[in-house]
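Try each task yourself before reading its solution.

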Amino acid sequence: MNRPTDDIFKALADPTRRGVFEHLCIEGEQTVVALTKRAGVSQPAVSKHLAILKKGGLVSAKQEGRETRYAAQTNALVPLVDWTRRMSGFWDSKLQSLEDLLNRMDQ
């Protein structure tokens with residue numbers, strides 16, 4: 001079963017891809033050449049990372065002449081934020097139950 005968060009987690013699991021995405025978020029629209037200079041990997045590797053980020057909906061591509069410019073799509077993180085919020089609520093209640101149990105045991 002493929003959930004909306006699966007492609008996002010897969011895309012952000014790699015540190016190089018996370019770095020590329022973060023760079024696009026901070027610096028804005030960039031070409032592959034500009035991203036390659038900062039990524040520390042080859043241009044074909046950056047292109048593969050961008051393809052995975054694009055599949056996850058995290059980046060968009062816009063053709064300008066011979067260049068393609070990539071931009072972060074931060075709204076694609078909404079399902080991830082929602083999932084994190086749900087999981088946070090789950091763990092908050094579990095930890096509160098554990099704290100209550102430990103307090104009863106101390107009495």
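Helices here are DSSP runs of H or I with at least four residues, numbered from the N terminus. Please keep in mind that this is a predicted model.

**Exercise 1. Find where Asp82 and Arg85 lie, and work out how their side chains are related.**

Step 1: Locate the pair. Asp82 and Arg85 are both in helix H5, and three residues separate them, about one turn of the helix.

Step 2: Recall the geometry. An α-helix has 3.6 residues a turn, so residues three or four places apart point the same way.

Step 3: Check the distance. A salt bridge needs a side-chain nitrogen of Lys or Arg within 4 Å of a carboxyl oxygen of Asp or Glu. The N to O distance for Asp82 and Arg85 is 3.5 Å, and their side chains meet in a salt bridge.

Step 4: Asp82 is partly exposed because its relative accessible area is 32%, while Arg85 is exposed, at 57%.

**Exercise 2. Trace the salt bridges of Lys62 and say which parts of the chain they link.**

Step 1: Begin with the general idea. Side chains of opposite charge can pair when their charged atoms come close.

Step 2: Take the partner Glu29. Lys62 forms a salt bridge with Glu29, with 3.3 Å between the closest N and O atoms. This pair links distant parts of the chain, 33 residues apart: Lys62 belongs to strand S2 (residues 59-64), and Glu29 to the loop between H2 and strand S1 (30-31).

Step 3: Take the partner Glu64. Here the closest N and O atoms of the salt bridge with Lys62 are 3.5 Å apart. Glu64 is in strand S2, and its contacts beyond four places in sequence are Glu29 and Arg69.

Step 4: Classify the three by accessibility. The cut-offs are under 20% for buried and over 50% for exposed, with partly exposed in between. Lys62 is therefore partly exposed at 39%, Glu29 is partly exposed at 29%, and Glu64 is partly exposed at 40%.

Step 5: Elsewhere, salt bridges that share partners join Glu29, Lys62, Glu64 and Arg69 into one network.

**Exercise 3. Decide how helix H1 is oriented against helix H5, and identify the residues where they meet.**

Step 1: Read the geometry. The axes of H1 and H5 are 9 Å apart, and the helices pack at an angle of about 100°.

Step 2: Classify the angle. Values from 65 to 115 degrees count as roughly perpendicular, so H1 and H5 are roughly perpendicular to each other.

Step 3: List the residues. Pro4, Thr5, Ile8, Phe9 and Leu12 of H1 meet Pro79, Leu80 and Trp83 of H5.

Step 4: Zoom in on Thr5. This residue of H1 touches Pro79, Leu80 and Trp83, leaving out residues up to four places away in sequence. Thr5 counts as buried because its relative accessibility is 8%.

Step 5: Widen the view. The buried residues of helix H1 (residues 4-12) are Thr5, Asp6, Asp7, Ile8, Ala11 and Leu12. Their cover includes helix H2 (15-27), H4 and H5.

Notes. Residues are numbered from 1 along each chain as its sequence is written. This is a predicted model: local features need pLDDT of at least 70, side-chain atom pairs count only at pLDDT 80 or more; totals for chains, interfaces and linings use all residues. Side-chain values use heavy atoms; hydrogens and water are left out. Buried means under 20% relative accessible area, exposed over 50%, partly exposed in between (1.4 Å probe, protein chains only). Helices (H or I, at least four residues) and strands (E, at least two) are DSSP runs, numbered from the N terminus. Contact means heavy atoms within 4.5 Å. Axes are lines fitted to C-alpha atoms, for helices over the stretch in contact, and angles run from 0 to 180 degrees between N-to-C directions. Angles under 35 degrees count as roughly parallel, over 145 as roughly antiparallel, 65 to 115 as roughly perpendicular and the rest as oblique.
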